Number of protein chains: 4
Amino acid sequence: MIVVMKPDHTQEELRDLLGRIEKMGLRTHLSKGERRTIIGVIGERELIQEIPFTSFPGVEAAHPILQPYKLVSREFKEENTRIRIGRQVEVGGEAVPIIAGPCAVEGRQVLDEIADALHAMGIPMLRGGAFKPRTSPYSFQGLGELALKYMSDVRERTGMPIVTEVMDPRDLLLVYKYADVLQIGTRNMQNFRLLTEVGQVDKPVILKRGMSATIKEFLMSAEYIVSHGNDKVILCERGIRTFESETRNTLDLSAVPLLKKLTHLPVVVDPSHALGRTDLIPAMACAAVAAGADGLMLEVHVRPQEALSDGAQSLTPQAMEELLERLEPVARAVGRRIL
Amino acid sequence: MIVVMKPDHTQEELRDLLGRIEKMGLRTHLSKGERRTIIGVIGERELIQEIPFTSFPGVEAAHPILQPYKLVSREFKEENTRIRIGRQVEVGGEAVPIIAGPCAVEGRQVLDEIADALHAMGIPMLRGGAFKPRTSPYSFQGLGELALKYMSDVRERTGMPIVTEVMDPRDLLLVYKYADVLQIGTRNMQNFRLLTEVGQVDKPVILKRGMSATIKEFLMSAEYIVSHGNDKVILCERGIRTFESETRNTLDLSAVPLLKKLTHLPVVVDPSHALGRTDLIPAMACAAVAAGADGLMLEVHVRPQEALSDGAQSLTPQAMEELLERLEPVARAVGRRIL
Amino acid sequence: MIVVMKPDHTQEELRDLLGRIEKMGLRTHLSKGERRTIIGVIGERELIQEIPFTSFPGVEAAHPILQPYKLVSREFKEENTRIRIGRQVEVGGEAVPIIAGPCAVEGRQVLDEIADALHAMGIPMLRGGAFKPRTSPYSFQGLGELALKYMSDVRERTGMPIVTEVMDPRDLLLVYKYADVLQIGTRNMQNFRLLTEVGQVDKPVILKRGMSATIKEFLMSAEYIVSHGNDKVILCERGIRTFESETRNTLDLSAVPLLKKLTHLPVVVDPSHALGRTDLIPAMACAAVAAGADGLMLEVHVRPQEALSDGAQSLTPQAMEELLERLEPVARAVGRRIL
Amino acid sequence: MIVVMKPDHTQEELRDLLGRIEKMGLRTHLSKGERRTIIGVIGERELIQEIPFTSFPGVEAAHPILQPYKLVSREFKEENTRIRIGRQVEVGGEAVPIIAGPCAVEGRQVLDEIADALHAMGIPMLRGGAFKPRTSPYSFQGLGELALKYMSDVRERTGMPIVTEVMDPRDLLLVYKYADVLQIGTRNMQNFRLLTEVGQVDKPVILKRGMSATIKEFLMSAEYIVSHGNDKVILCERGIRTFESETRNTLDLSAVPLLKKLTHLPVVVDPSHALGRTDLIPAMACAAVAAGADGLMLEVHVRPQEALSDGAQSLTPQAMEELLERLEPVARAVGRRIL
């Protein structure tokens with residue numbers, strides 16, 4: 001931590017601050033320039049973070065030198081984390097798996113239609129919502145456990161592992177029982193109690209980036225999960241909020257190489273939620289793979305215009321199949337392959 | 001709802017869409033211009049919202065005409081909602097109550113010092129965190145029930161009603177037992193399960209705006225609570241995320257008159273969290289009152305540099321007292337008074 | 001400047017960097033922690049700014065310690081700059097002048113009607129556009145010199161000094177001839193050639209904040225003007241771009257106390273352009289004054305629904321007069337008075 | 001245009017508005033629902049745009065149905081615009097040309113070194129700044145005409161067409177004399193006078209997106225140029241401003257397929273300015289090509305740590321060459337080739 005004193009700080013203010021720092025067992029390094037006095041604070045990251053430097057009178061600014069996250073950082077672990085899901089899928093390796101399915105599970109029959117179509121084209125994993133976080137209290141809220149059962153029946157029949165969101169710590173055991181991968185949705189990225197809970201189970205977690213979360217906050221949320229014992233965290237970029245209104249959110253693809261640089265965790269991309277419209281999905285799915293994404297999450301529905309949620313961004317199985325054909329050469333071009 | 005067809009839509013696409021709309025029992029109003037065909041959809045808001053118009057092939061855009069919220073709107077209820085808290089406080093009336101206290105309750109003694117100072121200067125309500133949503137898993141997470149007990153002891157001694165955050169549905173009963181007002185924090189504004197739960201209790205709720213929430217989303221979250229039966233919702237503007245980095249967030253004061261226009265619910269402002277630094281708080285607290293705020297939430301700590309969280313934005317009791325003196329004439333100038 | 005080396009930097013990389021710094025005549029201060037090596041760079045701000053620290057291999061980050069602006073900073077000049085305009089107006093003193101008028105001058109008669117109404121209620125300064133920066137090439141672009149003449153006729157008749165925008169260095173002499181205050185519009189805040197030109201004249205300049213400019217960039221643009229010789233710069237907050245769509249932009253009132261802290265220049269607020277709608281203007285104008293604004297710019301039109309630009313945000317003279325009555329007690333409450 | 005009346009509008013307000021619309025020669029289509037009266041306005045886009053609907057009392061909202069731009073739209077011209085530059089380069093066709101060079105031309109020798117390296121690896125076009133828009137008045141401002149001469153000497157020697165920015169209408173003739181392509185920088189995207197001027201010349205224009213410009217505003221700026229007679233406009237996405245601070249701006253790659261859908265103009269991407277750091281450029285350049293970009297602009301410098309501007313984002317020639325090798329298979333994968 002680098003602490004910059006105000007030009008008019010008093011000697012007493014400086015002494016008080018140095019005293020507090022040293023009381024914590026940290027070392028200081030004082031440097032008096034012409035215009036500013038600067039204190040370098042050296043020692044354990046966790047101890048340094050406990051001092052509210054800018055609350056001290058006389059302090060102008062404080063610049064952290066180390067990142068606030070540790071376990072998820074590349075500095076802590078250099079090689080890529082690879083997460084195995086079911087018998088056939090691995091996220092974080094050379095293959096780029098596709099995770100597809102409806103936004104919400106709306107009924108057994110429609111789910112089966114979707115899943116069978118996906119399975120037939122070789123998509124290895126199924127996604128689907130059982131509990132839906134809907135902006136309006138009057139919208140369809142999901143089928144709950146019934147949806148989980150329908151999905152696990154699909155898994156039994158097809159072998160596709162299933163990904164579904166857990167929204168509430170009280171549902172965790174239930175979702176855990178059925179799902180292969182737990183998803184933390186964008187609105188829960190900083191639901192720290194939920195993060196703590198999924199940090200204590202042994203199944204992989206897909207953590208979606210909050211729609212206005214910085215990369216640092218995103219990694220701190222992953223750190224929550226890992227620090228509680230679960231190191232199988234898959235990060236998912238799903239669009240951030242900007243002033244642009246032609247797309248629902250703005251897909252931040254530079255998050256992909258940036259995250260790959262800062263963390264050893266795998267990074268997947270969800271263009272469906274970011275864009276909120278199907279016409280731009282193929283181009284952006286290709287771009288995501290070219291940017292280095294370790295997987296793609298895509299919404300697919302057999303009849304988007306009958307979908308109870310997010311129909312506007314759901315590909316038809318036919319569009320999904322065409323997209324696969326476009327994705328494969330792009331993956332090969334960057335030394336990967338679509339799974 | 002106004003649906004705009006693509007210039008090259010087919011007759012069949014139009015017929016399918018009209019069929020779907022009419023099957024829902026809604027009426028349509030067709031208008032063919034030179035360049036675009038437009039469909040007006042007339043009927044119940046809830047029925048209209050169930051149709052994913054933009055998923056239909058042939059549809060270019062859909063413009064909602066009615067706001068998606070109902071119970072919280074001024075159109076639904078014209079007069080201001082006034083919410084009584086304890087014997088002496090009312091939010092939404094002529095008086096502008098101050099809600100002050102530490103970010104987190106750190107111990108009995110320090111809480112008592114803060115509360116006594118606030119009580120002595122006539123501040124009518126105490127805030128304090130028992131469960132703290134911290135960005136880092138390594139930071140102080142709050143004292144939990146102990147903090148609630150200390151706060152209720154303060155209430156017993158001083159008569160100040162207490163406001164505290166509930167972060168997890170599993171804590172609701174516990175927090176309910178002690179608190180006079182339940183706070184939903186900014187990171188939980190779209191924790192719909194939690195909103196549903198606090199919608200089923202009979203104590204007032206302060207709902208903080210999500211840090212990248214639109215006004216519409218904010219009101220939809222309030223609608224969640226009210227639609228589940230609890231109409232005692234107080235909205236709190238606490239800063240939105242922008243590109244500016246000199247302040248922690250950007251306090252969006254125009255949200256105050258805008259919300260007062262769109263909803264009958266009271267609106268309070270929390271400049272402490274928005275700004276993240278104390279030096280700008282007095283000016284912005286005055287501005288909030290001038291903009292029409294129905295209350296102010298402020299962080300106060302006896303020794304900010306020892307605070308375990310958010311010390312940088314905590315006023316000392318002395319600064320709070322000076323602020324009160326600045327606030328009173330501003331309140332009078334807009335026909336209000338500080339409580 | 002504090003330069004942080006990568007954990008794996010080589011000795012040669014460090015040596016090269018130190019060599020470059022010392023070649024510039026700057027001093028360094030090396031501090032080796034357990035995890036990072038840090039270099040403090042001490043010396044002239046301008047020399048330090050010339051080194052592209054993060055281009056050096058081995059460098060992880062560089063944190064500037066001093067602000068990049070100088071002449072406009074409070075550190076450079078402590079007391080408020082007061083700018084006299086005409087015989088009666090001063091910006092930056094105790095009084096808070098109102099600058100009002102139409103978005104664009106549309107004709108002699110309508111300008112006279114507006115100006116006479118403003119003059120009758122004691123508004124001391126007139127604003128009006130002669131050259132209009134319109135988003136669409138098909139919209140009304142302003143009357144040019146004719147507008148300037150109409151405005152100067154108003155000044156002759158009423159004594160009101162006039163403010164008008166200069167959009168193009170080629171118009172500067174013409175605008176200079178007629179105007180009392182030159183305005184730099186939000187889209188030109190970083191038109192550095194135009195800033196250089198107005199920095200070489202002797203009339204006051206109102207510099208509008210770019211709609212996505214940081215406070216630092218805003219002050220750097222002011223520094224451009226002042227460093228070329230013109231220290232009569234008035235800063236104008238006019239709303240920033242965010243994700244919110246209920247208002248045209250988001251009025252960033254915290255910019256007012258923040259700027260007053262960082263710079264000695266006066267700060268005025270334009271709520272009309274920020275909000276883009278009249279209904280929220282009175283509340284936000286009051287809030288601006290309470291926040292410490294040194295002046296207000298407001299759009300007024302006698303018949304907003306006939307305005308050729310920005311009618312939706314133009315107050316009628318009657319609404320302006322009512323606003324004045326609301327503003328005066330707020331100004332008094334913060335120790336100011338409306339001029 | 002769809003105009004929505006307030007629920008409590010008067011008959012007189014409705015009559016006045018209808019009168020105004022009909023006086024313009026436009027047709028109306030009235031629809032009275034239970035809760036709202038809606039007016040469809042039919043006729044010429046330009047006439048409709050002249051009415052400030054939301055300034056009329058009684059009007060709640062106005063929703064435009066047609067895009068405000070015309071000449072640049074796909075609706076106006078379906079096939080892609082292809083722009084030929086020099087003898088060998090075409091932008092908007094199957095090939096994806098690379099435009100590379102230093103941020104600023106700093107001297108003859110260093111420019112020659114850079115250009116020769118680029119030429120040797122087959123890069124077809126050279127970029128370089130003669131007039132530099134620098135945030136600080138104390139930074140290097142460019143060599144002006146000298147830089148233009150050095151660049152045109154390079155063209156003579158290598159045949160590479162040159163791209164350079166024009167910042168001021170007064171420099172247009174000078175820049176026109178030397179450059180093959182005129183660049184309008186991000187800070188000038190809404191410098192409408194400059195747009196008008198480059199709309200009157202016959203050389204291609206690269207228009208950079210403003211760093212907080214919406215797609216609609218970006219296309220309106222292109223419409224300015226085209227409507228003045230110059231249809232050789234190349235759009236350039238270069239990053240937008242968000243809350244993220246790990247990269248300088250956020251590269252908005254979804255703008256590429258979105259623009260390709262809305263307009264017939266070619267779209268190139270500048271990852272260097274968007275990211276502000278070299279380490280993420282290769283991944284994002286590949287992603288841009290996969291997203292459908294018609295060209296790439298990249299900053300290259302032989303000795304980035306000596307660059308007078310933007311060194312931190314300049315690739316070395318060696319890094320550029322490695323990038324070319326990565327780009328080629330990606331381009332082939334999407335049916336294109338790197339030029």
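This talk goes through the chain-to-chain contacts and the symmetry of a predicted model.

First, the ground rules. Because the model is predicted, local features need pLDDT of at least 70 and side-chain atom pairs count only at pLDDT 80 or more, while totals for chains, interfaces and linings use all residues. Residues are numbered from 1 along each chain as its sequence is written, chains are lettered from A and ligands numbered from 1 in the order in which they are written, and side-chain values use heavy atoms, with hydrogens and water left out.

I start with chain A by itself. Chain A is divided into domain 1 (2-63) and domain 2 (83-338); the bounds come from an automatic or database domain assignment. Taken over C-alpha atoms, the centres of domain 1 and domain 2 of chain A are separated by 44 Å.

Next, how chain A meets chain B. Here 45 residues of chain A are in contact with 45 residues of chain B, contact meaning heavy atoms within 4.5 Å. The size of an interface is often given as the accessible area lost when the parts come together. Chains A and B bury about 4000 Å² between them, with 51% of it on carbon and sulfur atoms. That buried area is the accessible area (1.4 Å probe) that two parts lose on being put together, summed over both. Which residues of chain A lose the most area to chain B? They are A:Tyr138, A:Arg193 and A:Gln305, together 18% of what that side buries.

On to the charged pairs. Across the interface of chain A and chain B there are eight salt bridges, a salt bridge being a side-chain nitrogen of Lys or Arg within 4 Å of a carboxyl oxygen of Asp or Glu. A:Asp171 forms a salt bridge with B:Arg193, and the closest N and O atoms are 2.7 Å apart. Between chain A and chain B, 23 residue pairs are in polar contact, both residues at pLDDT 80 or more. A polar contact is a pair of N or O atoms within 3.5 Å; within protein, one must be able to donate a hydrogen and the other to accept it, and residues adjacent in sequence count only if both atoms are side-chain atoms.

Where do these residues sit? On the side of chain A that touches chain B, helix H2 (45-49), helix H6 (192-198) and helix H7 (215-227) of chain A each supply at least two residues. H7(A) gives the most, with five residues. Helices (H or I, at least four residues) and strands (E, at least two) are DSSP runs, numbered from the N terminus. By class, the residues of that side of chain A divide into 18 nonpolar, 14 polar and 13 charged. In that scheme Ala, Val, Leu, Ile, Met, Phe, Trp, Tyr, Cys and Pro count as nonpolar, Asp, Glu, Lys and Arg as charged, and the others, Gly among them, as polar.

Now the symmetry. The superposition is by least squares on the C-alpha atoms of residues with pLDDT of at least 70 in both copies.

Eight salt bridges are counted between chain D and chain C. In one of the salt bridges, C:Asp168 pairs with D:Arg193, the closest N and O atoms being 3.6 Å apart. Chain D can be laid on chain C by a turn of 180 degrees and a shift of 0.0 Å along the axis, with an RMSD of 0.0 Å. D:Ser212 is the residue of chain D that comes closest to the rotation axis, at 3.1 Å (C-alpha).

Last, salt bridges over all chains: the structure holds 104. In chain A, the side chains of A:Asp270 and A:Lys208 meet in a salt bridge (2.5 Å, N to O).
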